[in-house]
Amino acid sequence: MREITDHAGHPVTHGRTTVNGVRLHHVTAGSGPPLVLLHGVPKTWYYWHRVIPLLSERFTVIAPDIRGFGDSARPDGGYDMGTIAEDVAALMTALGHERFAVAGEDWGAAFAYAVAASYPERVTRLSFSEMLVPGAGLEAWSALTEENVASDHFLWHVGFFHVRDFPEMLISGRERVFWETWMKNETYDPAAITEDCVEEWVRCSSAPGGLRAIFEVYRATFVNVELDRQWSARRLPMPVLTIGSDSFIGEEGRRQMERVADDVRYVELERCGHSMALERPAELARVMSDFFAADIA
């Protein structure tokens, strides 16, 4: 991992804060209204390293390692969307931010949605990118069907990661070839997955408990299905931006959020796969900045 700086060339600030029974690592950069960036699987805060300098001039960017990921603690449980939403809300309270915007991609988008649904009075705006919510399409897109296999977005790993012990047994010691191959296969341009990114995923997933924590996110699927059933009974009051890539999940993100919100906008990034912050950082930052800056006087 190389040193990351903000728009002015100042190194990001690292911190460790214990909230909700878990010690979370996080980085902060910039100034302005607080904006939380939540990463997906198997990533860490470092997923956002190309975007942070592009957002930090207008926002105070907070990018945590989700519990179990990166340099955050790896407790036995709490990998469902509800508990992780509690982590994020408690972290923002500890950092002095009562109200904030939140953005996520992949599982980070599911966690961002959970934060907005659990704490609608605190979340000013939500960005949801490249994800399907458990209970609203994730399982269907992971099914072994001819249509899924022929698509650009067959989520075969959802069922595999859900199985107890077998993913750990088969991937342990092979983290590099597995994550690098899998992540590059989900991109439009595999060159976007650079060596520093691979090194970070390998470092964290091969640490004690690293693989287990990643897969526990998937093993909480049925808990998440019930949570989404409860949350979707109440409409989200804040504006929602959905961002999709033309070569992966695409416009499905918009349909996901239209189930639960009335003010939903959609932007699609061209020549882009699943890792938008690595493949199209400038375009992604521009779209996010325009959306989140709408509330800045």
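**Ground rules.** Since the model is predicted, local features need pLDDT of at least 70 and side-chain atom pairs count only at pLDDT 80 or more, while totals for chains, interfaces and linings use all residues. Residues are numbered from 1 along each chain as its sequence is written, and side-chain values use heavy atoms, with hydrogens and water left out.

**Entry 1: the sheet.** I started with the strands, which are DSSP runs (E, at least two residues; helices are H or I, at least four), numbered from the N terminus. I found eight of them in an open sheet with mixed pairing, in the order 1-2-4-3-5-6-7-8. Which strands stand at the edges? They are strand 1 (13-19) and strand 8 (264-269), and each has a single partner strand, so one side of each is left without a neighbour in the sheet. Neighbouring strands are turned by 20° against each other on average, direction ignored. For angles, axes are lines fitted to C-alpha atoms (for helices over the stretch in contact), and the values run from 0 to 180 degrees between N-to-C directions.

**Entry 2: two strand pairs.** Two strands pair if DSSP finds at least two bridges between them. Strand 2 (residues 22-29) runs antiparallel to strand 4 (residues 60-64), with four bridges; Thr28 has Ile62 of strand 4 as its bridge partner. Strand 5 and strand 6 are parallel, with five bridges, and here I saw Glu105 opposite Ser129 of strand 6. I also checked burial (buried is under 20% relative accessible area, exposed over 50%, partly exposed in between, with a 1.4 Å probe and protein chains only). Six of the seven residues of strand 6 are buried, so the rest of the structure largely encloses it.

**Entry 3: helices on the sheet.** Contact here means heavy atoms within 4.5 Å. Helix 2 (residues 81-94) lies across strands 1, 2, 3, 4 and 5, at about 115° to strand 1. Helix 14 (residues 281-292) lies across strands 3, 5, 6, 7 and 8, at about 170° to strand 7. The charged end of Arg125 sits over the ring of Phe291, 4.7 Å from its centre (the rule wants NZ of Lys or CZ of Arg within 6 Å of the ring centre and within 35 degrees of the ring normal).

**Entry 4: aromatic rings.** Rings of Phe, Tyr and Trp (its six-membered ring) pair if their centres lie within 6.5 Å; planes under 30 degrees apart are stacked, over 60 edge-to-face and the rest tilted. I get 17 aromatic pairs by this rule. Phe160 and Phe161 have ring centres 5.7 Å apart and planes at 45°, so they are tilted. Phe160 is partly exposed at 22%, whereas Phe161 is buried at 0%. Both belong to a cluster linked by ring pairs, with Trp179 and Phe215 among its other members.

Entry 5: Phe215 is in helix 10 (residues 210-219) and is buried at 0%. Beyond its neighbours within four places in sequence, Phe215 is in contact with Phe161, Pro167, Glu168, Ile171 and Trp179. Pro167 is 48 residues away in sequence, yet 7.9 Å away in space, C-alpha to C-alpha. His157, in helix 6 (residues 157-162), is buried at 6%. Residues up to four places away aside, His157 touches Trp182, Glu186 and Tyr218.
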